[in-house]
Amino acid sequence: MPHRVAVLALDGLLPFELGIPHRIFGRSLEPAPGNKGAKLYEVVTCSIRPPGPVRTDSDYAILVEHGPEALATADTVVIPASYELGPVFEEGRLTEKLAAALALIRPGTRMVSICTGSYVLAAAGYLDGRPATTHWSSADHFQRLFPQVRVDPDVLFIDDGDVLTSAGVAAGIDLCLHLVRRDHGAAVANEIARRTVVPPHRDGGQAQYIHRPVPEPQFATTTAARAWALGRLDRPIQLRDMARQESMSVRTFTRRFREEVGASPGQWLTQQRVERARHLLETSDLSIDQVARDAGFGTATSLRQHLQAALGVPPTVYRRTFRASADTP
């Protein structure tokens, strides 16, 4: 059976964030020729009330066809942000109806928040003693209201196993793609990202761009350099060579690169090589040594160190995990 995702729609919700889980999880298919594989997730939207309209922060409401009972059948519950959390936001406590709805969730269900949906998780006790993030503009208030939570205001998302939190708005896309990648591997997540026309991977520890200005339109970009680098990940790539692709000095290129990507060129290269290695481990029978060379890490030892740092597992364990998942009916 597909993994069941229940998205909890609360009054005052942001329609953009409500749509993220449906777009990412709802379009995730088993790898198959022509992208005709079976759906990997079943996504339903529910309310804390019987089926009916739920207010948004815009000039329209949405009609939700499932009540809180849908939470009892979920494998993952996603709580997007809302601007009408009332005592949850003001006092850190759940309303009676919200508490009753959350009480229906089965133990062991994976809990996910997007943006200030983290307030609901915190008020329900899911984040006690755990690391979490939220939108940067609410981080100080969130920490004061929930001192028992270890708040990190500078990251895109935090994966703490069965409880995951993301920063504001588009960071919800990063978190949902991360979950698809965690559940089914990089190939499936990358295909969803390609169809959604978003970057396939932004590391959770990447900053939220709190103070970074958007580059002026007339500025040159680093797009060509990134495309050039992606075509030769298996070979040594020097910073000066990337800068040369854009006819920039190394200093200017590095600054522009950080403005556009949110990471240094070296960090970005490592991320891309890790993604290449993951893809090869999941989809090929190449030896670990060959995967290391093709991904640009050079040696199996270097690959092992980088994969361990990024994912917490060595290459052999990563391959075995996803091969076992693929072989499971």
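## Ala277 in helix H11

Ala277 lies in helix H11. This is a predicted model, and in it Ala277 is buried, with a relative accessible area of 0%. That value falls under the 20% cut-off for a buried residue.

Leaving aside neighbours within four places in sequence, Ala277 is in contact with Val291, Ala295, Phe297 and Leu303. Pro315 is 38 residues away from Ala277 in sequence, while the C-alpha atoms of the two are 8.6 Å apart in space.

## H11 against H13

Two packed helices are described by the angle between their axes and the distance between the axes. Helix H11 spans residues 265-283 and helix H13 spans residues 300-311; the two pack at an angle of about 100°, with their axes 10 Å apart. Angles of 65 to 115 degrees count as roughly perpendicular, and H11 and H13 are therefore roughly perpendicular to each other.

On the H11 side, the contact is made by Thr270, Val274, Ala277, Arg278 and Leu281. H13 contributes Leu303, His306, Leu307, Ala310 and Leu311. By class, the contact of H11 with H13 has seven nonpolar residues, two polar and one charged.

## H11 against H7

H11 also packs with H7, at an angle of about 120° and with the axes 9 Å apart. That makes H7 oblique to H11.

From H7, the residues Ala186, Ala187 and Asn190 meet Glu275, Arg278, His279, Glu282 and Thr283 of H11. This contact of H7 with H11 has two nonpolar, three polar and three charged residues. Arg278 takes part here and is also listed in the contact of H11 with H13.

In soluble globular proteins, nonpolar side chains tend to be buried together. The largest nonpolar core in this model has 35 residues, and Ile24 and Phe25 touch the most other members. At least two residues each come from strand S1 (3-8), helix H1 (15-26), strand S2 (41-46), strand S4 (61-64), helix H6 (171-184) and helix H7 (186-196). Of these elements, H6 gives the most to the core, with seven residues.

Ile24 is in contact with Ile173, Cys176, Leu177, Val180, Ile192 and Thr196, leaving aside its neighbours within four places in sequence. Another core lies apart from this one; it has 32 residues, among them Ile48, Leu94, Leu127 and Phe142.

## Two valines with positive phi

Most residues other than glycine have a negative phi. Val169 has a phi near 50°, a positive value in a residue other than glycine. Val169 is found in the loop between strand S10 (163-166) and H6. With a relative accessible area of 34%, Val169 is partly exposed.

Val197 is not a glycine either, yet has a positive phi of about 60°. The loop that holds Val197 runs between H7 and helix H8 (223-230). Val197 counts as exposed at 71% relative accessibility, since the cut-off for exposed is over 50%.

## The chain as a whole

The chain has 14 helices and ten strands. Of its 329 residues, 48% count as buried. The chain exposes about 15700 Å², and carbon and sulfur atoms supply 53% of that area.

Among contacts between residues at least 6 apart in sequence, 64% join residues at least 24 apart.

Conventions:
Residues numbered from 1 in each chain as written. Predicted model: local features only at pLDDT ≥ 70, side-chain atom pairs only at ≥ 80, totals over all residues. Heavy atoms only, no water. Core = buried A, V, L, I, M, F, W, Y, C linked by side-chain atoms within 4.5 Å. Buried < 20%, exposed > 50% of the residue type's maximum accessible area, 1.4 Å probe, protein only. Helix = DSSP H or I, 4+ residues; strand = E, 2+ residues; numbered from the N terminus. Contact = heavy atoms within 4.5 Å. Axes fitted to C-alpha atoms, helices over the stretch in contact; angles between N-to-C directions. Parallel < 35°, antiparallel > 145°, perpendicular 65-115°, else oblique. Nonpolar A, V, L, I, M, F, W, Y, C, P; charged D, E, K, R; others polar. Areas by Shrake-Rupley, 256 points an atom, 1.4 Å probe, with all protein chains shown as cover.
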